[in-house]
Amino acid sequence: MARLPRWTLPLFLVLLFQLLFSSGSVLRESDEEEFSEELLLRPLPDRKVLAHFHFESRAPPSLADSYGRHHHLFPKAIAQLVQKFRVKEMELSFTQGRWNYERWGGFDPISSKNAKPPGVELWAVFDVPQNQVDVYWKNLTHSLSGLFCASINFLESSTTYSAPQWSFHPSSGSLRYGTLPREAVCTENLTPWLKLLPCRDKAGLSTLMDRPSIYKGFYHSQRLHLTSGGLESGIILGQTLTVVLQPTSQRASGTSSGANLQPSWSLSSVFGRKVTTRCVLAKSSNVYLQLERGLVTELENLQKENPISGAVFMDSEELRSNPGFELSVKPDWAFKEVNSLHSKGLSVLYEYSMAKYNDSEPFDLTLTWKSPVVWSCPQAPLHASRFLMGSGNERGAIAISLISTGLKENFMGANFVEDRSKLEVDIFQVVPWYIKVYFHTLRVFVDGKPQALADVVEKMRVSPSEDKVSPGVMELLLKFPCDVESATLTLEFDKGFLHIDEYPPDANQGFDIPSAVISFPYFHESVYYLQDNSLNKAPMLSKFQDKSPVRSYTEVLLVPLTTPDFSMPYNVITITCTVFALYFGSLLNVLRRRVGEEERFLKNKAAKRGGRLPQLLSKLYAKLRGKEWESSPSSSVLSSLVNTKLILKVILVAGIAIVWQFYSK
């Protein structure tokens, strides 16, 4: 048998070491945490600018099932929440203001996913048995309350949260949903939200989040969405901040612009800052400028009227020469929407990479309008609004109005699978327990005509409220004709009475009914752009491609309830304290003065026993001081005066006590 040469053993060891090193590096790459930051800018028709920040952190599957692992990019507090409370999916939002669906749109991914009701909204899906969901929900609310410096712990009460089955989110009974419409949003909530980012607000796109610029806007909503796939996909944390701001015009005042000319703006004029550098820990850092379908259509019409430029401005030279607007920075990439069935054209997206900008050359995008442009944002099939009917402090009615926004055009963008002759609408509404809704009084009007419930209501689930235990929940699946112009739903209710301890400090302001959720299950708001290898890795654009139903929120209703006279407890406490003070004060005063009179009587008696010598000495002392000597009154007179005053005060106090006892009964 031939023996191998001696040099083969070292070669074999070297090859084995390289193989082990390469396999270890592959495993490390698969277990690495990832972070990306993106900003989307969009001009709005009402002379405002939409800024949508999107930060995404990913934890590998090994981190999702580990308690003691060191965290590099992914926030450890969020990983501990997932592990301790068995959270499968969670969303938390802090919102100030109300999204204007008519002017800012309602048929796009941002308006459907990031337009939230005022205050705090929290919903979570747990991977635990159904009998333990409420316990995990209460513990989760307390943890989030401490993490974000908010009153989320108020959602632990069973009167503030509900368990929707199918109208809000598809789940198997492990979903809990709660809102706090009156929760105030301030920097105390934004600061811990920013601390979850690897670079916080010290570097990257988060440096644009100037507090005065954000909180003076018309609308802002900070959102945290968490998805845990366990050992399959790990943990995905998405943080978004949606702001609607009013820019200050950058155009010189001497130009003739017209009334419809949009105000020009830049990053420094909107946020007061520029992007100096990207977060070095981010895998990608991009800024996008999006032009909506209606705006692109109007700009193309302007270009058709202009013989110099063409009808499509995807090229950089054509972009600079278009008659509608001008950009100060040349985009790195330009993408046009694909696979869209909308009749109002296709949206356009410009991409700017932050990798080439630094402190010496900061990024400051400026958009200057050249011509007046008027357009409208895509709307949902039906515009939803809610209001109260009736008057008085005993009863009333809740009305939900659905008005068509051009249904025939929107049908072109709907992804229907079945019955196209009907328009399906899901309604999810939660009513506090002190608003006693009579669900059997539900009435539906289509185009002003009353309809039988069996002809309109396809599916219905009602959970009546229980006093001081649980709120009332209503889930409806309605089917309307395709050519419907308007629809109205009404529900009657009675106003309950609360205990005096259950009223808030500002009870006379009224009580809030949370926003109703309106969704269209067969209308999807996904947006696809022409993709390449770099675009496939953009987390925000991949979220835009998710097919989710169009969703909108109604207004928060303010219901005035019968409130007691809160001054009565104050009056009772005041008069009680006055009587007790008078009684005990007079009694102690009488006892105190009686002791003094006895001491004075004993002193006079001792002076008399001493003879005339003390009197002579006192007269001599008074004459030396130049004062007139006065003799003390007799003890009998003093005792008579003391007895008379004592009797009068005792009679007065006894009379007041008798009168108080008589009226208190």
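**View 1. The whole chain, seen from its surface.** The protein has an accessible surface of about 34100 Å², and carbon and sulfur atoms own 56% of it (Shrake-Rupley method, 1.4 Å probe; for residues, only the protein chains shown count as cover). Keep in mind that this is a predicted model: local features need pLDDT of at least 70, side-chain atom pairs count only at pLDDT 80 or more, and totals for chains, interfaces and linings use all residues. Residues are numbered from 1 along each chain as its sequence is written, and side-chain values use heavy atoms, with hydrogens and water left out. Of the 665 residues, 46% are buried (buried is under 20% relative accessible area, exposed over 50%, partly exposed in between; 1.4 Å probe, protein chains only). Among contacts with a separation of 6 or more, 75% are between residues 24 or more positions apart (contact means heavy atoms within 4.5 Å).

**View 2. Strand E7 and its two antiparallel partners.** Nine of the 10 residues in E7 (residues 219–228) are buried, leaving the strand mostly covered. On one pairing, E3 (residues 87–96) runs antiparallel to E7 over eight bridges (strands pair if DSSP finds at least two bridges between them). Glu91 has His225 as its bridge partner in E7. E7 is also joined to E8 (residues 235–245) by 10 bridges, again antiparallel, and there Tyr219 is partnered by Val244.

**View 3. Met90, tucked into strand E3.** Met90 sits in E3 and is buried, at a relative accessible area of 1%. What does Met90 touch, leaving aside residues up to four places away in sequence? The list is Leu122, Trp123, Ala124, Leu140, Leu144, Leu224, His225 and Leu226. Take Leu224: 134 residues separate it from Met90 in sequence, yet the C-alpha atoms are 8.0 Å apart.

**View 4. Helices H3 and H7, and what they hide.** In H3 (residues 76–85), the buried residues are Ile78, Ala79, Leu81, Val82, Gln83 and Phe85. H7 (residues 187–194) buries Asn189, Leu190, Pro192, Trp193 and Leu194. The buried residues of H7 pack against E2 (49–59), E3, H6 (133–148), H8 (211–215), E7 and E8.

**View 5. Strand E16 between its pairing partners.** E16 (residues 395–404) has eight of its 10 residues buried, so the rest of the structure largely encloses it. E15 (residues 382–389) is joined to E16 by eight bridges, antiparallel, with Arg386 opposite Ile400. Five residues lie between the strands of this hairpin, and Gly390 has a positive phi near 95°. E16 also pairs with E22 (residues 486–495), antiparallel over nine bridges; here Ile403 stands opposite Ser486.

**View 6. Salt bridges across the sequence.** The whole structure holds 23 salt bridges (a side-chain nitrogen of Lys or Arg within 4 Å of a carboxyl oxygen of Asp or Glu). One of them joins Arg42 and Asp108, at 3.5 Å from N to O. That pair links distant parts of the chain, 66 residues apart: Arg42 belongs to E1 (residues 34–43), Asp108 to the loop between H4 (101–104) and H5 (109–113). Arg42 is buried at 3%, and Asp108 is buried too, at 5%. Another bridge brings Arg182 and Asp512 together, with the closest N and O atoms 2.9 Å apart. Arg182 is in the loop between E6 (175–180) and H7, and Asp512 is in E23 (residues 511–513), so this pair ties together parts 330 residues apart in sequence. Arg182 is partly exposed at 35%, while Asp512 is buried at 18%.

**View 7. A network of charged residues.** Salt bridges link Glu91, Lys116, Glu121 and Arg223 into a network. Within it, the side chains of Lys116 and Glu121 meet at 3.7 Å, N to O. Lys116 is buried at 5% relative accessibility and Glu121 is buried at 0%.

View 8. Phe580, Tyr583, Phe584, Leu587, Leu588 and Leu591 make a nonpolar surface patch with about 590 Å² of accessible area together (patches take residues with over 30% relative accessible area and no salt bridge, joining like charges within 9 Å and nonpolar side chains, meaning Val, Leu, Ile, Met, Phe, Trp or Tyr, within 5 Å). Leu587 belongs to H16 (residues 567–609) and is partly exposed at 40% relative accessibility. The unreviewed UniProt entry lists residues 570–591 and 646–663 under "transmembrane region" (positions follow the numbering used here, feature names are shortened, and annotations may be inferred rather than shown by experiment). The 570–591 span is 100% helix and 0% strand, with its end C-alpha atoms 31 Å apart.

Note on methods. Helix = DSSP H or I, 4+ residues; strand = E, 2+ residues; numbered from the N terminus.
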